[in-house]
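The sequence and structure come first.

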Amino acid sequence: MAENITTDITIAIDGVDIKTQPGKMVLEAAIEAGIYIPYLCYHSGMKPFAACRMCVVSVEGGRGFPASCTLPVADGMKIRSESHEVNELRRSVMEMLIAEHPNGCLTCHRVDICGPSDVCLRHVSVNDRCITCPKNERCEFKDTVRYLGMELESPLEYKYRQIPLEVSDPFYDRDLNLCITCGRCVRVCEEVRGNSALCFTDRSGRALIGTSFGDSLLESGCEFCGACIDVCPVGALVEREHKWEKARRVEQVICPHCPVGCQLNLEFNGAGKMIRAVPELNSPSNHGQACFKGKFGLEFLNDSARLEQPLVRRNGQLEEATWDEALNVIAGRLPEFKGDAFALLASPNSTNEELYLAQKFARVVMGTNNVDQTSNIQPELTVGLERALGYAAATNSIWELEHAGCILVFNSNLTEDQNVVGVPIKKAAQRGAKLIVIDPREVELTRYADSWLRPVPGTELLLLGGILKAVVDQGLEQTEWMDENCEEPATLHYTLNSIDMDHVTRVTHVSEEAIAEAARIFAQADGGAVVYALDNLPGELQRDCVLSLVNLALLTGNIGKPGAGIFPMRSGMNEQGASDVGCVPNRLPGNLSLRDATVVKALERSWNCTISVSQGLGVADAINAARDGQIKSMLIIGDSPNFTNGRLGDGLAALQNLDFLVVQDTFWGQLAQVADVVLPRSTFAEKDGTYTSLERRIQRVKPSIQSKSGGAQPEQWVFGELARRMGYSGFDYPAAYAIMDEIASVCPIYSGVSYPLLESQVSTVFRSGLEMPKPTQVLYSGKERRGIQWPCTADDPSATPILYQNGFPNGKADPITPVFQAPEPHLDSEYSGWFVPGRVLLQTDRETTVVTGKLNRLVRDELVSLHPSYAENELIKDGDPVEVVTPRGTWSGLARLDPSIPPGVISVTTLFGQLAVELQSSEEKNPMSKAPGLEILSARIAKVSALSSA
Amino acid sequence: MDGLKQRITAAIHNQPQPTVTVLSSLLAVEDAIGYIPKDAVEEVADLTGTTINDVWAVASFYPNFRFDPPCEHQLELCWGPSCHLMGAMAVIAAALDQVGVEGEGDTSDGKLSLRYNTCLGACAQAPVISADHNLMGRQSPEKVRAAVTALLASPSPHGQGGN
C-alpha cells in the first residue's frame, strides 16, 4: 500500500537474512518469513504475552535468552534460535510444563501408533493417554514437545490435578487438568472479544484459568463465541459436540446465519460428517472470529432427516414423487398464475446467482415483479440511504469500526443478530473510542456505551431530530465539507430550527444535556460511524429515521472517510446480494429502477422478453395479498422464522389460502406441510456461487459437501429445469460462473466481477513449514480470500472498501429532510405500556443461582423495572410479584421501581446464558436460525397476589 | 444482607489514598469485613470499570484474601527466617496444641482462624504473632498459650460491625 513508507530492516535468524519492519517482534518477523520458532502462548491477533518461554532465543552481543515474542526487531540483529544451548533451555522449560500435563505419551516414540486399548509398556493410565484426549492429532502442545525432541523420561514427576471436568455449560467442555496456563483463552476473551468472561485464578503452582468464584460460564459474561476454544493449544477447552472426532478434511464456507459473511473452516470426519467449525484467521470479514451461531449452529448439516425426495400433494396428501414428476406438476400449474397472481420468495441464504435466477424467473417466465426474499421484512432499511447517498449498502468495511473515534449504534441488537460486527465495536470502545447506544432495550452493547440514550419506544425519530438540532445549534457542522459534497441543506436547517427541545425531552424522556452531549461526542470524534437497524420501529418512522441517521453522518462529514461511515444492519445472510441482483420487488438487477425506461429496454433486450413495470409486492405485502386472495400461487425457497414469529401476522395461515404453493426446503417443517409441491433443497455448504456480505464483499464459495443421496438440488438447477419445461430459454447455464457473467453484464456495480477476478483475490499466506507445530487456526489458514467489495466495474475492476471517497454517484449527497414526528402512542385501553425486553451477558445486581446438573440452568427472579409513577397507579411496591401481560403471552417477575426508566416502559433484562441453554437444548433442526430477537410488545402490568404467586 | 452491602460500599468508597485500584479496593473490603464476599467482587468491578473475572484474578492471586467469613478471632503465626531462628516452630507447636488444630485453618466451632505468616514485619521482636491484628513479640510457648486463651476470651472485633 502507498502509505506503507516504513523502510525495511534486515535481521538474521540462524544465519538467514530476513526483511522486516521496525515495530515488529522477532517471533512475528520469523513467522512471516516462514522460519519456525516454537511458541505456545503467542497467537496471531493478540498482544505478545511472554508467558510460556518457549520462544526464547539468544541475540549475538546480547545477554541472556529473551523471549522472541516480546523482543523488538532492530536492524542488523543476529538471532540464534536453533543453537544447542537455546534448545536445551527450551527443553528444560518444557520439562516444567509437561510436569503439569499428562506426559507419558507426549515423550513416547509410539504415540502415533498406539490405540486406546493397547497395553502400555510405560504404564500410562488410560485417562492420561494422548489417544483419549479430544485434541489428539491437532494438539499444538504435543507437536511442540515432539519438535523439541524431549527425552523419554522427564526428571519431574507428573501429578494429576484431580480437577473435576466441567461438562455442564452449553456447548463447551472444560478439562483444566490439561491446562498449561498459556493464557490465550483469557486474552482472546479480553483483548479480542472484549468480554473478560475468563480470568487467571490463583497463583504459582495452582494457577489456572477460570471464572469469578468458579461460577458457571452462564453467569460469568460468556457469549459462547468459541474464541477460547479456537486458540487453546491443548485439550483443556473443546467443543462438546463431536469432541472425539478427528478431522480428515477441511473445507471453507461462508456462515449462513447472518450477513457478516464470516469465513469458517469446517472440519469433516472420515465419514463426511461435519464435526467442527473453526473461523478463518485471514478472513477480512471476521478476522478469525465467529459467534455462537456460526461456531455451534451448523449441526443441521449432519441431520439425517433431510428432505431427499420431492413430494407432490395428491388427494390432499403429500406423496413422494420423482423430480421429473414434481417439476412437471409445477410447470403444468404455474402458467395458470402468470402475472401478479404469483409471487416468488427466495431465501436470504441463496447465492447471488440463485437470487438472480429467482428474480429472472419471476420477471421473465411469470411476468411479475412480485419477487423478494423472506428476510426482507424491513425494506425501508436502505431506501433512505440509497436516495440520499446513491447506494443501498454500508459505506465502509466492518473492521474499520475498530478505528472509529465514535460509534453510534441505533436500535440494533447486533451482538446477537450480527455478532461479529460487535467485535470491532467493543475493541474500539476498549481503545477509548466513544460508544453511543440509542435503544429503549438494554442490549449487550450498552455495557460498553459511554452514553446510552433510552427513548420511549416510538419516539426514536424525534430523538434523532433533537440530536441533529444539537449538532447544528452547537456549531458542530462540517460546513466546508458539506458545501463541497452535499446539496444545500436549507430545508433541513429550517425544519431543525422548528424543533422544540423541551418537547423532545418531554416526549422521549431523554434529557437535553444527554442529547447535546451525544451530539458533541459524535460530531467532534475523529471518525464517527453510524451502525443502525430498525428493530421495533413503527413502520411510519422507519424511512425518516434512516434519513436522519444519514443526515447526521453528512452534517458531521463522516461519509467517504476511513473509520467512519454508515452501516445498515441487514438481517438475512445474503440480503445485500439479493438487493444487488434485483431479487427485490421494485428494483431490477444492479438496484436499477423499474421506472427507468432505458434500463428496462436494455434488460428486455438482454433477457429477450418484456418486463412488467407495475409495482411488485415484497414479502410482507405478498403475504397480505395471499391472505386477501389476490395472490394465488407462490414459490417459496426455504422456511423463514418470519412466517411463524408473528411479524407478518399468521404467515402460515395466509399461505394456506393459496391455490398452489411450491416450497423448496432442506427440512420437513411447518412451511412444507402446507405446500402443494415440496422440493428438497441443497444447503449452503453444497452450493457453488457467491455471497455478498453487508460490507458489500462478494465472496466465492465452492461445494464442500455432496448431498448424500443426491436428492436435494440447488435452486439454480430447479429454475433451469422449470424454465425449460415451461418453454423459456435463457435459463440453462453451463455452471455458476456463467450466471455471474450475466449478472456482470446487467448490474453496473458488478460489471467487473467474474470468477477469475474473485479467484485472483486469493493470496497464499506464508506461515512456516507444513511440518511445524501450529495453532489449529493457523494450520487452516494458508490462504487469504479477500473477495471483492463492489462497486467493481468493468472500467475499474478493483475493490471499493470505502464508498463515496471520490464523490457521489449523483454528483452530491442529498440531505433529505425527514418529518420529525413522534406518533401519538396508539396504545389501547387494554395495554397501557410497552414490554421492553433486554438481554445482556452479565448482570451483577441481582442474585443468580446456577442449578448444576447434566446441563446447567440459571434460576433467578427476573426483575420487572418500572417507573415509580407507572407503578403507583397500579399500587405496586418494590419487590412485589408482578405479571406483564402482552398479546403474545405473560411474563412474571418481581417489580423494581426505577426512576430512570421512562413511564410506560416495562423493562425486563434477561441473561444471555439463559438463551444459550435454550438454544443448546432446542429440538429445532436449525435452532440458531430461530434464535429469538428482542421484540417490544404492547403490554400492561398486573400485580400478583402473594397467594397466587406461591 | 443489606448491611453487608452497605459495609462493602462504605469500605470501597471511603478509601483514603488518592489512587484507587482493584487491589486497594479489595484490601479495603478485607480490612472492613474480614473477607471478600461475592458482592464485593461485583462492586469493585463496577467501581474500577473492570469485570468480575478481572477482579477475581487479582483477588485469588493473593493468599491473604479469604472468600468466606472468617472466624471470630484471627491468629497469625510468623514463621519467617528471623522468627524461625528465634524459636517460632516451638511457638507454633504450642499455639496449635492450645487451639486444638493440626495446622492452618479454622476451628470447627468458628472461634478462631489460624494462619502462618512469612513475615509480620517486626523481626526485632521475633518470634512474633498477631492476635486480631495486634502484634505480640518475644513469644515463647508459654506466652503464646496465654495469648490464645486471652484471645478466645476477648470480644470479637467483627461483632461490633467492623472498624
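## Salt bridges

The structure holds 59 salt bridges over all chains. A salt bridge here is a side-chain nitrogen of Lys or Arg within 4 Å of a carboxyl oxygen of Asp or Glu. This is a predicted model: local features need pLDDT of at least 70, side-chain atom pairs count only at pLDDT 80 or more, and totals for chains, interfaces and linings use all residues. Residues are numbered from 1 along each chain as its sequence is written, chains are lettered from A and ligands numbered from 1 in the order in which they are written, and side-chain values use heavy atoms, with hydrogens and water left out.

A:Glu140 and A:Arg184 pair through their side chains at 2.8 Å, N to O. The pair links distant parts of the chain, 44 residues apart: A:Glu140 is in helix α3 (residues 140–148) of chain A, and A:Arg184 is in helix α4 (residues 184–192) of chain A. Helices (H or I, at least four residues) and strands (E, at least two) are DSSP runs, numbered from the N terminus. Both A:Glu140 and A:Arg184 are buried. Buried means under 20% relative accessible area, exposed means over 50%, and partly exposed lies in between (1.4 Å probe, protein chains only).

## A salt-bridge network

A:Arg193 forms a salt bridge with A:Glu223, with the closest N and O atoms 3.3 Å apart. This pair also links distant parts of the chain, 30 residues apart. A:Arg193 sits in the loop between α4 and β6 (199–201) of chain A, and A:Glu223 in the loop between β7 (208–210) and α5 (227–231) of chain A. Both A:Arg193 and A:Glu223 are buried. A network of salt bridges links A:Arg193, A:Glu223, A:Lys426 and A:Glu444.

## Around helix α8 of chain A

The side chains of A:Glu354 and A:Lys687 meet in a salt bridge at 3.1 Å, N to O. A:Glu354 lies in helix α8 of chain A and A:Lys687 in the loop between β25 (677–680) and β26 (689–692) of chain A, so the pair ties together parts 333 residues apart in sequence. A:Glu354 is buried at 2% relative accessibility. A:Lys687 is buried too, with a relative accessible area of 2%.

A:Tyr356 lies in helix α8 (residues 352–365) of chain A. What is its relative accessibility? The value is 0%, so A:Tyr356 counts as buried. Contact means heavy atoms within 4.5 Å. Not counting residues up to four places away in sequence, A:Tyr356 touches A:Val581, A:Pro589, A:Trp607, A:Tyr733, A:Ile739, A:Glu742, A:Ile743 and A:Val746. A:Tyr356 and A:Gly582 are 226 residues apart in sequence, but 6.6 Å apart in space, C-alpha to C-alpha.

## The β25–β26 loop

A:Phe684 is in the loop between β25 and β26 of chain A. Its relative accessible area is 7%, so A:Phe684 is buried. Leaving aside neighbours within four places in sequence, A:Phe684 is in contact with A:Val253, A:Ile254, A:Pro256, A:Leu298, A:Phe300, A:Leu301 and A:Tyr691. The C-alpha atoms of A:Phe684 and A:Pro703, 19 residues apart along the chain, are separated by 8.2 Å.

Most residues other than glycine have a negative phi, and most peptide bonds are trans. A:Gln162 has a positive phi, near 60°. A:Gln162 is in the loop between α3 and β5 of chain A, and is exposed at 63% relative accessibility. Phi of A:Phe213 is also positive, near 55°. A:Phe213 is in the loop between β7 and α5 of chain A, and is partly exposed at 24%.

A cis peptide bond joins A:Trp790 and A:Pro791, with omega about 0°. A:Pro791 is in the loop between β30 (788–789) and β31 (833–840) of chain A. Another cis peptide bond joins B:Ala126 and B:Pro127, with omega about -10°. B:Pro127 is in the loop between β3 (112–117) and β4 (129–131) of chain B.
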